[in-house]
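Please keep the sequence and the structure in view while reading the points below.

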Amino acid sequence: MEAEIPLVRRRRASVRLCNVKSCPTELLEIPAEDPSIVVLFIPGNPGIVGFYRDFIEEVYEQLNGSASVTGKDLVFPIRLLGIYVIRERSPFFSAAISSCAALLGLFPKWASSSLVKSSVGKSWSSTAVDATCNDLLQYHTVRNALYMAMTEFKKLSEDPDWMFIRGKRDRIAFLFGIDDHWGPLSLFEKISTLVPEISLSIEREGHTHAFCCTNAGSVWVASHVARLIKHRMPS
């Protein structure tokens, strides 16, 4: 189990809603007073930026307030597409799982929080538990997550676009875990062979793919990301 470490924050990220291609989208942001760069973070599945509050705030702190940091929700823009595709592929499964999640979302906050903490979130931070109860336990959100999982499995079985990666090698960085089936070390070896000059790292402290669900994981990955950004920031 990862040890939880306290997060010392001087500024908190604030939530703002905006329209992206006519779709309401949630932003989690910390604007700097005089930013030299803007860091845009887009989360993976389930696309809920609230899970990454600790990470976003830590990136801002690690960059010493020299960058504005914004996280963009990935849920709303694909909602209709996600529902359509899942209905076509596995209507009963997706509807059943989504309905169960929505039912849990109707529980009082204290009840759903206790359930999450006693099951999947035993080592999770309060941020991750809150994001699960407030944002994840909704019918359409779970259907989106199932759709993204389906497309991820398809894409992971395909070869990456090596021409694109080589062309953008000075603007791409890969971070792998020791035991992460979403990013196996065999892919690390393949990238290092085919694009040897690209930035490649392996996290060896035991943080999981869901690093954002613990304080320790958020701090470690934020520190790693901040180092990469500092290396490319204008002096």
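The points that follow concern a predicted model and are grouped by topic.

The largest nonpolar core of this predicted model has 28 residues, and α9 supplies its largest share, five residues. By the distance rule applied, the count of salt bridges comes to six.

**Nonpolar cores**

- Within the largest core of 28 residues, the members that touch the most others are F51, Y52, F55, I56 and L63.
- Two or more residues of this core come from each of β2 (23–30), β3, α1, β4, α5 (126–136) and α9 (215–232).
- The contribution of α9 is five residues, the largest share.
- F55 is in contact with F41, F211, S218, V221, A222 and V225, when its neighbours within four places in sequence are left aside.
- Another core, of eight residues, lies apart from the largest one, and its members include W162, F176, I191 and V195.

**Salt bridges**

- R12 and E57 meet through their side chains in a salt bridge, at 3.6 Å from N to O.
- This pair links distant parts of the chain, 45 residues apart: R12 belongs to the segment before β1 (14–20), and E57 to helix α1.
- R12 is partly exposed, with a relative accessible area of 47%, whereas E57 counts as buried because its relative accessibility is 1%, under the limit of 20%.
- R53 joins R12 and E57 in a network of salt bridges.
- K190 and D159 form a salt bridge in which the closest N and O atoms are 3.1 Å apart.
- K190 is in helix α8 (residues 185–194) and D159 is in the loop between α6 and α7 (162–167), so this pair ties together parts that are 31 residues apart in sequence.
- K190 counts as partly exposed at 34% relative accessibility, while D159 counts as exposed at 55%.
- E197 and R169 form a salt bridge, with their closest N and O atoms 3.0 Å apart.
- The two residues are 28 places apart in the chain, E197 in the loop between α8 and β6 (199–203) and R169 in the loop between α7 and β5 (173–177).
- R169 counts as partly exposed, at 36% relative accessibility.

- L106 is placed in the loop between α3 (91–105) and α4 (109–118).
- L106 counts as exposed because its relative accessibility is 70%, over the limit of 50%.
- The C-alpha atoms of L106 and L137 are 8.5 Å apart in space, although the two residues are 31 residues apart in sequence.

**Helix α6**

- Helix α6 (residues 139–156) has 18 residues, which at 1.5 Å a residue should span 26 Å; the end C-alpha atoms are 26 Å apart, so the two values agree.
- T141, V142, R143, N144, A145, Y147 and M148 are the buried residues of α6.

**Backbone features in loops**

- N45 and P46 are joined by a cis peptide bond, with omega about 10°.
- P46 is found in the loop between β3 (37–41) and α1 (53–62).
- N64 is not a glycine, yet it has a positive phi of about 60°.
- N64 sits in the loop between α1 and β4 (67–72), and it counts as exposed at 60% relative accessibility.

Note on methods. Residues numbered from 1 in each chain as written. Predicted model: local features only at pLDDT ≥ 70, side-chain atom pairs only at ≥ 80, totals over all residues. Heavy atoms only, no water. Helix = DSSP H or I, 4+ residues; strand = E, 2+ residues; numbered from the N terminus. Buried < 20%, exposed > 50% of the residue type's maximum accessible area, 1.4 Å probe, protein only. Core = buried A, V, L, I, M, F, W, Y, C linked by side-chain atoms within 4.5 Å. Contact = heavy atoms within 4.5 Å. Expected span 1.5 Å × (residues − 1). Salt bridge = Lys/Arg side-chain N within 4 Å of Asp/Glu carboxyl O.
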